[in-house]
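Please look over the sequence and the model shown here before reading on.

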Amino acid sequence: MSKNYYSLGLMSGTSGDGVDASLINSDGGSNYKVEINKYFEYENNFSQKIHSLKDKINTVKDLETYSTEIKALEKELTIFHSKVVMDIINNTKIKIDFVGFHGQTIFHDPSNKISKQIGDGKLLSQLTQTTVVYNFRQKDIQNGGEGAPLAPIFHKVLVKQNKIDLPVCILNIGGISNVTIIEDYEQNNLKSRDLGPGNCLIDAWVRKNKKGNFDKDGAYAAMGKTNDLMLNQALDNFDNRPDKNRLSFDTKDFDINFLRGVSFEDGAATLTDLSGTIIGGGLFSMLSEKIKKSCKVLVSGGGRKNKSLIQNIKSRISKNLSIEPIDDFGVDGDYVESQAFAFLAIRSFLELPISFPDTTGCKSPSTGGEVVKNF
């Protein structure tokens, strides 16, 4: 009988607003049980520091140019994550076996096989006296993959455990949107990819205009009117990009500079329309190739709460696809990614694959992160 482990997954997504923490009990194979889900918002202006640094890093060379700043931010980020771990440890009687530490992505360039997440696994292990699994993408990249998306193997277990009818599709809308298609429970039949922007463009526009960090419920977009000329130009640029066959994206692959001379609300509406059109088109394309019959699309991530964006996506897809929040199936849509990295930490320790040719483009199934015990 396989052994179960307690694993704490920590996820700091592209929004850079805080850390999602999930403690699960799992064998890393066919089962998991959620023990704790908790959100920790970044203190003071730390979120702004993340975005300011990311804005400076546009090329591989910039990673070297700003290495001092990167190291300083990495230390600060790791210390914050250590406080998260200690909060969980101090408020539960459970002995944690592993911490799955995703870190903060500051640069992702799959065409050049580079993906940089800041987060010092050795320091986190030392500060928390726990075994830490981190640096999840590098083995996949070394094996010809793009390093993302990594959650699909967990999506499969989630769907099976919650007895969700197949075929089903998990659509995660974080900063970037990605999709996993599950037709049966065999690992090798997983198919996944990033679709394009999720919340990143809308969030950037809201931050630029100093209206907060995101468009709550899509309210700003609902007040505006799409600028069709700018929308069509942005869609043409997306469709005609030279690397259109890639499986993963960085937030840096998209920008809001094409918006000129529009009101704040019209800009929000245009970016919501752009993101919804790309997501809807990507879904339709992937699912029409793969699935001919009706299929549920279960939405996780912060973007599922943006009513304007979800309505936009619904208007772009065929009638045989139903879009529903994953929460309706007994899963908290805010914590799917943090639970995934808790699960991937266990698989990494057991040297089981976490990525596959049809999820990241790797040559063969790849094992996962680096396991460190620094105490």
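This is a predicted model: local features need pLDDT of at least 70, side-chain atom pairs count only at pLDDT 80 or more; totals for chains, interfaces and linings use all residues.

Residues are numbered from 1 along each chain as its sequence is written, and side-chain values use heavy atoms, with hydrogens and water left out.

The largest nonpolar core has 32 residues, and F136, F154, L158, V159, I170, I326 and L344 have the most contacts inside it. Such a core is a set of buried Ala, Val, Leu, Ile, Met, Phe, Trp, Tyr and Cys residues joined through side-chain atoms within 4.5 Å. At least two of its residues come from each of β1 (5–11), α6 (152–161), β8 (168–173) and α12, and α12 supplies the largest share, eight residues. Another core, of 29 residues, lies apart from it and includes F40, V84, I96 and I118.

S7 is placed in strand β1, and a polar atom of the S7 side chain lies 2.8 Å from the backbone oxygen of A342.

The table compares two residues by relative accessibility (buried is under 20%, exposed over 50%, partly exposed in between, with a 1.4 Å probe and protein chains only).

| Residue | Relative accessibility | Class |
|---|---|---|
| S7 | 0% | buried |
| L352 | 30% | partly exposed |

L352 is located in the loop between α12 (336–349) and α13 (357–360), where helices (H or I, at least four residues) and strands (E, at least two) are DSSP runs numbered from the N terminus.

Notes. A polar contact is a pair of N or O atoms within 3.5 Å; within protein, one must be able to donate a hydrogen and the other to accept it, and residues adjacent in sequence count only if both atoms are side-chain atoms.
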